[in-house]
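I opened my notebook to follow the strands of this protein and how they pair. Here is what I looked up, entry by entry.

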Amino acid sequence: MPRYLGDDDGRSSESDEEDIEELLDEESEPEDLVQATPSRRKRKQDEAALSASNIIVETAFDAYFKHNSTRSRTSANVFSSLVPPLTAEEYTEGIESAAKGLNLEPLQPSILTDSSRDLLFVRFMRELAEGFNLLMYGFGSKRRVLNDFATEYCAKAGHVVVANGFQPEFTFKDLLSSIERIPGILNTELSSTTPETQSKRIYDFFSAPGPRRPLYLIIHNIDAAPLRAPKAKSCLALLALNPRIHLVASIDHINAPLLFSTSESAARKPDAHAPPPSVPRRGFAWLWHDLTTLAPYDFELAFTDRTSIKGAHGGGPRKKTDGLVLQGAGAAAITETAALHVLASVTQKAKKLFVLIGTRQLESIEESDITGPAEKDMQQFGIGYDMLFHIARNDFIATNDTAMRSLLGEFRDHNLVVSAQGTSGEVLWIPLRKERLASVLKSLQEEA
């Protein structure tokens, strides 16, 4: 017979209460029971979510947005930050020694032999006369070939203007100014000196009726940044469709063909003997030529730091800057040649101050036992401003703080001496590697 807690028998109620207490003691404490309740609830929720995931199938669209919602992580440790760049002298010496050791003859495509090149140039002239413009692509520098074509053939047929788009100081305005040096163009006055009005004056000059010598425009690297601007491209498209202006250009960027639309490439020039249209058309009328020369880009890369792989870094922050890269915003690499050029234009006291900083920095490098990538961090070998001022005053280089700051100002402007706030005050150092700094100091000592 089952017994109830509400029985009149007092002994039965007492025995039931004792049984319940015993069961509680045997199974678990009350706190354990309280803690066990949420875990069971969470387990049920997980089982429900699992059953729901088996019912709802993730589509390709969901997978795409889920994948793109997560932020990709890239490392800031790049190989270029661990390899110090070479000086121009070291680079030249290494290239020459490698060429001598391998005994390799320079490769030259058969199309660039004397007989084939003459036939190629004759073909170029014929295509230009038919109203096309020529665009050269292919691996290797095309500068020498196009310059030979300009001097041997184009110069005999008309005016020639050569533009080096790869030069960092090149601007589209310089190109228009060079064209305007042709006699007769400046006779027409302009309401303004904008590139659009200059281009329109050049276009009208070569579109005027009567016998006129054509213009052969040779542009090296038309894919350069100054010529990719919308205004520059629009002005070039206007000149390129003039029947008396012949454009020969080269490209080296892999995405350069994307600069020209299909309509621009397929446009055609009007007849040279027909009256000019009231509204000039714009386009390029390209004929593409594979001009693979396998020649080195020595002249094109003369304006860049080709001795360092740092230029190949495509983006992302660097954890540490290279030994030749200055700290802070607007930092730029400095070479041994640039340092000597700056030092050649400063006073003798400024040179003495530079020698003092460099000597102290070399001594700190020699005394330290730091090796590896950490050795390129020149800030740790810098000298405090207070100590530098004390030594400079004893050597009669600078007698007061104003003179000291004035001498350092020339070096700071050219990033030859940089500074940072350290734990004990301002620290100054020269951002040059040990070998380069020693070479610069040796040159200064020989001059003295």
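**Entry 1: a helix and the strands under it**

I began with helix H6, residues 143-157, which lies across E1, E2, E3 and E4. Against E3, helix H6 runs at about 175 degrees. A reminder to myself: this is a predicted model.

**Entry 2: the parallel sheet**

Next I asked myself: in what order do the strands of the open sheet stand? I read the order as E2-E3-E4-E1-E5, an open sheet of 5 strands with parallel pairing. Why is one side of E2 and of E5 left without a neighbour in the sheet? Strand E2 (159-164) and E5 stand at the edges and each has a single partner strand, so one side of each lacks a neighbour there.

I then went through some of the pairs. E2 pairs with strand E3, residues 215-220, in the parallel sense over 6 bridges. Here I found Val-161 standing opposite Leu-217 in E3.

**Entry 3: strand E1 and its partners**

Is strand E1 mostly covered or mostly open? I found E1, residues 133-137, mostly covered, with 4 of its 5 residues buried. For its pairing with strand E4 (residues 245-250), I noted 3 bridges in the parallel sense. Leu-134 has Val-248 as its bridge partner in E4. Strand E5 (residues 286-290) runs parallel to E1 as well, and 5 bridges join the two. In that pair I marked Met-136, whose bridge partner in E5 is His-289.

**Entry 4: the antiparallel strands**

I turned to strand E8, residues 425-429, for the antiparallel kind. How many bridges pair strand E7 (residues 418-422) with E8? I counted 5 bridges, in the antiparallel sense. A hairpin joins E7 to E8 through 2 residues, and Gly-422 stands opposite Gly-425 in E8.

E8 also pairs with strand E6, residues 383-384: these two run antiparallel and are joined by 2 bridges. Ile-383 has Leu-428 as its bridge partner in E8. Lastly I checked how covered E8 is, and found 4 of its 5 residues buried, so to speak mostly covered.

Conventions
Residues are numbered from 1 along each chain as its sequence is written. This is a predicted model: local features need pLDDT of at least 70, side-chain atom pairs count only at pLDDT 80 or more; totals for chains, interfaces and linings use all residues. Side-chain values use heavy atoms; hydrogens and water are left out. Buried means under 20% relative accessible area, exposed over 50%, partly exposed in between (1.4 Å probe, protein chains only). Two strands pair if DSSP finds at least two bridges between them. Contact means heavy atoms within 4.5 Å. Axes are lines fitted to C-alpha atoms, for helices over the stretch in contact, and angles run from 0 to 180 degrees between N-to-C directions.
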